[in-house]
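Colleague: I've got this one open on my screen and I'd like to know what stands behind the labels. Can you talk me through it?

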Amino acid sequence: MTDSQILIGVGNPQRIEIRPGRPVVVGRAPDCDAVIADVTVSRRHAELRATDRGLAVRDLGSSNGTTVNGARITVGDVAAGDAIQFGKVTFRLEVPTPAAPEPDANPEGTLVRPLTVRSELAQSLEATQLARILDLATRLSGEFELDKLTAAIVELTFDLLPVDRVSLLLLDDASGELVPARSKSRFEDGVGMRVPRSIARRAVADKVPILTESAVDDERFKSGSVMLQSVRGAICTPLMATRDRVLGVLYVDTLTATRPFREDEASMLFAFGGLAAVSLGKLAFAEEARREAQVRANFERFFAPGVAERIARERGTITLAGERRPVAVLFSDIRGFTPMAESMAPDRLGALLTDYFTEMVDIVFEHGGTLDKFIGDAILAVWGAPIDAPDDADRALAAAIAMRAKLAAMNARAAAQGRPELAIGIGINYGEVFAGYLGSERRLEYSVIGDTVNVASRLCGDAGGGEIRMSATFVERLATRPQVERVPDVELKGKRQPVAVYRLIPDPARGA
């Protein structure tokens, strides 16, 4: 005797029962035996009859057609487990519940199998399969944007295997969670794509593909998402950037297939996933290199190249909140600049300052310093922020001496060309400052502020042309004390004690 047949909605909660001897007409019209309220379904779409083998189906001239397992039919048969689609609405014919095994039966065990693919991969794939995978990988290599690359991986997976749905999840390094990046379904009726976390996590943990013949039947994967989606077969393969590093997972499943996935198909997906991981890894590396180059280019305007490279490479080198730290602060400015500027044409003045600043800033960077800012014709440079070194004070003094020597060479060329000569005064101090990003929401710049900066500025202001003045605090930080002489102390407003000041005695033999 023919039993009743049950159609179960795929992606929708509807169930349609077809009893023996009584045809059922499905359609959108209210007078149909089974009403499917969807605009892609015709008013009287198809007629269904229960048979010993399942269902006999006859399309009633519907506008969007009736398909069985993806093939459009006018009349046909539907067997248990087959998918039938009216317009864009999909159902699956219920599979009869198998009889319970006898107590002495030998169970086959779990239906979920981690697939070993290490050394056996090349043997398990035929040459034509490998050629196909390599062809798909070549198509991936032309994508240079993450959004386009993830879309291509998902699209090409549909070309590789007979699947209904594909989802790509990428592993977030910070949280360790798998984050959906791209998914696609063959069904256009809104079948949701929720990757069973139990399967995905196991693929990441075991670093091998997970192959299941029927996830809904396996006790290890009785999660709500598996049961809700009625997954009949799935493969979840890790995307291996290296032997130990997983970038994410590529998950495929089927709701309509008449057979489970084979092991060779899982091997193909694993191989393709490996090539996809290479493309993702290269893209991530290129993006990181681009970011570092951009950051380095921005910071090289203010920091020595080695410092800028470290800032770009090591995130967090500069804290947005700022910090207090000991530094050596150097101020230098041009003596008699205001009357000189009033007597020169703007273009000549601009060219003169450009040449001067270029030479001076190069010296700061050569000695590992940080260019804080230009203040008119003055230069503020710092050693010890954002990265410190044990010889910061010695580097600052060496830079000051080199700046004075370079200016002497520039003046010699200027005199030969009939251009005005320059004289600079330099002041150096050592102490604690606040270092960090300062400014407004519209513009921020890395800078240092504090009493140490003010003292260095005052020392520079008191220095004569070609003179280098240093605080006693700075001189004490030098590893090798140079020839210096005491000059009058400096009294500053707000400071109880005057600042002890030294002047560097020129040493022609050392170019100092």
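Predicted model: local features only at pLDDT ≥ 70, side-chain atom pairs only at ≥ 80, totals over all residues.

Colleague: What makes the pair of Y356 and F357 tilted?

Modeller: Two checks. Their ring centres are 5.4 Å apart, within the 6.5 Å limit, so they pair. Their planes are at 50°, neither under 30 degrees (stacked) nor over 60 (edge-to-face), so the pair is tilted. The count by this rule is three aromatic pairs, and ring pairs link Y356, F357 and F374 into a cluster.

Colleague: How do you know that the charged end of K184 sits over the ring of F158?

Modeller: The charged end of K184 is 5.2 Å from the centre of the F158 ring, and the distance cut-off is 6 Å. The charge must also be within 35 degrees of the ring normal. K184 is listed as sitting over the F158 ring, and so is R486 over the ring of Y502, at 5.6 Å from its centre.

Colleague: Which residues touch the most other members in the largest nonpolar core?

Modeller: Y356, I428, M470 and F474, out of 44 residues in that core. Its largest share, 10 residues, comes from helix α9 (residues 346–366). There's also a second, separate core of 28 residues, which includes V166, L168, L269 and L283.

Colleague: What is M470 in contact with, leaving aside its neighbours within four places in sequence?

Modeller: Among its contacts are L397, I428, L459, V484 and Y502.

Colleague: What makes the length of helix α10 close to the expected one?

Modeller: Helix α10 (residues 392–416) has 25 residues and reaches 36 Å from its first C-alpha to its last, against an expected 36 Å at 1.5 Å a residue. Just after α10, G418 takes a positive phi of about 75°.

Colleague: Last one: why do β3 and β5 count as paired?

Modeller: Pairing needs at least two bridges, and β3 (residues 24–27) and β5 (residues 46–51) have three, in the antiparallel sense, so they qualify. V26 stands opposite A46 in β5. Both strands belong to an open sheet of five, in the order β4-β3-β5-β6-β9. Its edge strands, β4 (34–35) and β9 (75–79), each pair on one side only.

Notes. Residues numbered from 1 in each chain as written. Heavy atoms only, no water. Helix = DSSP H or I, 4+ residues; strand = E, 2+ residues; numbered from the N terminus. Phe/Tyr/Trp six-rings, centres within 6.5 Å; stacked < 30°, edge-to-face > 60°. Expected span 1.5 Å × (residues − 1). Core = buried A, V, L, I, M, F, W, Y, C linked by side-chain atoms within 4.5 Å. Buried < 20%, exposed > 50% of the residue type's maximum accessible area, 1.4 Å probe, protein only. Contact = heavy atoms within 4.5 Å.
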